[in-house]
Amino acid sequence: SFPGPLGVMGRSLGSAAAWAIDTTGLASVVVDSGFTDVDAFAVRRGIDPQKLSEHERRVIDPLPRIAASRVPLLLLHGEEDRAIAIREAEAAFAASRTEDKTLCRLPGRGHNDLFLHPDYWRTLAAFLHRTLV
């Protein structure tokens, strides 16, 4: 077993993996450019959303898991993201019922360049220091 506090981070499609983990006992969750819209997720992958079964929707949909988690949450998202719209980060923020949640909107940044914004690293470092150290 690991002696220190543990956190999880998922980026883009990796946000699904971050939410698939039971967050009970974790110190924090960080999601960078994550998705929440199942229909938009399907379309981005060339799948007709109408063809998704209810079971597939339940497996893909992160919103119930976001709502169930009570650990500190940091959402990082570029305001100019054309791959996953910032409204999906806003939906995650709204769905989260943890008392310790932050949505860091990075102006002028898209899906693959948000780490170039100085607030990305400042916000991430402060959050990780607060929750993991």
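Buried means under 20% relative accessible area, with exposed over 50% and partly exposed in between (1.4 Å probe, protein chains only). With that in hand, I looked up the protein chain: of its 133 residues, 42% count as buried.

A note on what I'm looking at: this is a predicted model, where local features need pLDDT of at least 70, side-chain atom pairs count only at pLDDT 80 or more, and totals for chains, interfaces and linings use all residues. Residues are numbered from 1 along each chain as its sequence is written, and side-chain values use heavy atoms, leaving out hydrogens and water.

Next, the layout. I found 6 helices and 4 strands (DSSP runs numbered from the N terminus: helices are H or I, at least four residues; strands are E, at least two). Along the sequence they read β-α-β-α-α-α-β-α-β-α.

Then I went for the core. A nonpolar core is a set of buried Ala, Val, Leu, Ile, Met, Phe, Trp, Tyr and Cys residues joined through side-chain atoms within 4.5 Å. The largest one here has 12 residues, including V8, W19, V31 and I66. Two or more residues each come from α1 (14–20), β2 (28–32), β3 (73–78) and α5 (86–95). Another core, of 9 residues, lies apart from it, with L74 and Y120 among them.

Leaving aside neighbours within four places in sequence, V31 is in contact (heavy atoms within 4.5 Å) with G10, S15, W19, L74, L75 and L76.

Last stop: T98, in the loop between α5 and β4 (101–106). Is T98 buried or exposed? T98 counts as buried, because its relative accessibility is 6%. Its side chain reaches the backbone oxygen of V71 at 3.2 Å.

Definitions and conventions: Polar contact = N/O pair within 3.5 Å; in protein donor to acceptor, adjacent residues only side chain to side chain.
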